[in-house]
Amino acid sequence: MTKALVVVTRRPPGSALEAIERAAEMWLWEEDRPIPGDRLAAAIGDAAGLYCMLTDAVDEALLRAAPGLRVVSTMSVGTDHIDLDACTAQGIAVGHTPDVLNETTADTAFALLMAATRRLGEGRDYVRAGEWQRWEPELLLGHDVHGSTLGIIGLGRVGQAIARRGLGFGMRVLYTARRRRPEAEASLGVVYRDLDGLLAESDHVVVATPLTPETTHLIDAAALGRMKPTATLVNISRGGTVDSDALAVALQSGEIAAAGLDVTDPEPIPAGHPLVGLANCFIVPHLGSSSRATRDAMADLAAANLLAGLTGERLPECANPEVYG
Ligand code: NDP
Ligand code: DGY
């Protein structure tokens, strides 16, 4: 019996490829960069499955090039690079990787909060520049994280893991979302605020929503203007939730104190971008889930989703459950 064809857009970590190769015929993009869209469209014609990354746009045009596609499996929890409605309309199940990355991503959010608020990047630059001559009573003073008020925008799986860290730091934790989470309020002791209230009351703010039309530029000039001048903004979601130009202005003018960014718009952010040159902006290249164990777990879960989709089983983690009717 001939095996179904699966297109894999990038070599994943761990042993995911071995599982895929045992069950399917595999076409792998071997290069150490994302596959260009036209090469993916050319490769996917006869494929029943697509194993992709968050750098691959899975849109209507690509789906038109893949009439036999039954499953799209992304090695990410975020699905903003995939047209979910178009997949559903074509009967294609979409797999993603929730939960396995919550704690690692929350660690990264907290690392960014600490680094930006306590000016660790500036401290490292200072040492490297040979400027550290003596202890100074007012050298690189930042603001406190412990005991402050943390505002989380998007109290989902990742947001709740961030909240638990905040509580461990003795912080008062506020959150906002489209609907209240009474169970999280009861179990964690987090407090709901509308967005404007959260921005005004929080000492530090973390964005942890998906990127959707509604969350695009959720943090714009007006939102930044509501934050405290001592506040740090952390973005762990997608770059597009924050207006980069407005953020650069707010950081330059002292409207807010600092930013810690795991994700940027544009992404990758060019070295000449105004945000990159700002001492009070601590940027890392989308490392949220980047521990060895977590990336292996994401790769394995994405493989499990793919293989279930090939055999017509319900995906372990499906991003468009409406595809099952
Ligand atoms: P969840 O779906 O569990 O949580 C998302 C939360 O955002 C929900 O609480 C949701 O609540 C809220 N939300 C959605 N829309 C809005 C809105 N318009 N205003 C306010 N809140 C909103 O997702 P995860 O926690 O698993 O992941 C969230 C996102 O984080 C991912 O989609 C991904 O883009 C990003 N991510 C980034 C990582 C990285 O490496 N930087 C790693 C992991 C995730 P409600 O529906 O009630 O509004
Ligand atoms: C995701 O999974 O959506 C992250 O951005 C990468 O882990």
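## Leucine 287 and its loop

With a relative accessibility of 35%, leucine 287 counts as partly exposed (buried means under 20% relative accessible area, exposed over 50%, and partly exposed in between, with a 1.4 Å probe and protein chains only). Leucine 287 belongs to the loop that joins strand 12 (281–283) to helix 12 (292–310); helices (H or I, at least four residues) and strands (E, at least two) are DSSP runs numbered from the N terminus. Its C-alpha is 9.2 Å from that of isoleucine 236, although the two residues are 51 positions apart in sequence.

## Basis of the model

This is a predicted model, in which local features need pLDDT of at least 70 and side-chain atom pairs count only at pLDDT 80 or more, whereas totals for chains, interfaces and linings use all residues. Residues are numbered from 1 along each chain as its sequence is written, chains are lettered from A and ligands numbered from 1 in the order in which they are written, and side-chain values use heavy atoms, without hydrogens or water.

## Surroundings of ligand 1

Ligand 1 is surrounded by 26 residues, the closest being Arg157, Val158, Arg178, Ile236 and Asp262 (a residue is near a molecule if one of its heavy atoms lies within 4 Å of it). This shell comprises nine nonpolar, 10 polar and seven charged residues; Asp, Glu, Lys and Arg count as charged, Ala, Val, Leu, Ile, Met, Phe, Trp, Tyr, Cys and Pro as nonpolar, and the others, Gly among them, as polar.

The side chain of arginine 178 places an N or O atom 2.7 Å from an oxygen of ligand 1, and for arginine 157 the corresponding distance is 2.9 Å. A polar side-chain atom of histidine 286 also lies 3.5 Å from an oxygen atom of ligand 1. The protein buries 90% of the 920 Å² that ligand 1 exposes when taken alone (Shrake-Rupley method, 1.4 Å probe).

## Surroundings of ligand 2

The residues around ligand 2 are Leu54, Ser76, Val77, Gly78, Leu101, Arg238, His286, Ser289 and Met298. By class, four are nonpolar, four polar and one charged.

Taken alone, ligand 2 exposes 230 Å², of which the protein buries 89%.

## Nonpolar core

The largest nonpolar core contains 25 residues, and Ile219, Leu224, Leu233, Leu247 and Leu275 have the most contacts inside it. Such a core is a set of buried Ala, Val, Leu, Ile, Met, Phe, Trp, Tyr and Cys residues joined through side-chain atoms within 4.5 Å. Two or more residues come from each of helix 9 (195–201), strand 9 (204–207), helix 10 (221–226), helix 11 (244–253) and strand 11 (258–261). Helix 11 contributes the most, with five residues.

## Cysteines and threonine 176

The structure holds zero disulfides (pairs of cysteine sulfur atoms within 2.5 Å).

Threonine 176, in strand 7 (residues 172–176), is buried at 7% relative accessibility. Its side chain reaches the backbone oxygen of arginine 193 at 2.8 Å; within protein, one atom of a polar contact must be able to donate a hydrogen and the other to accept it, and residues adjacent in sequence count only if both atoms are side-chain atoms.
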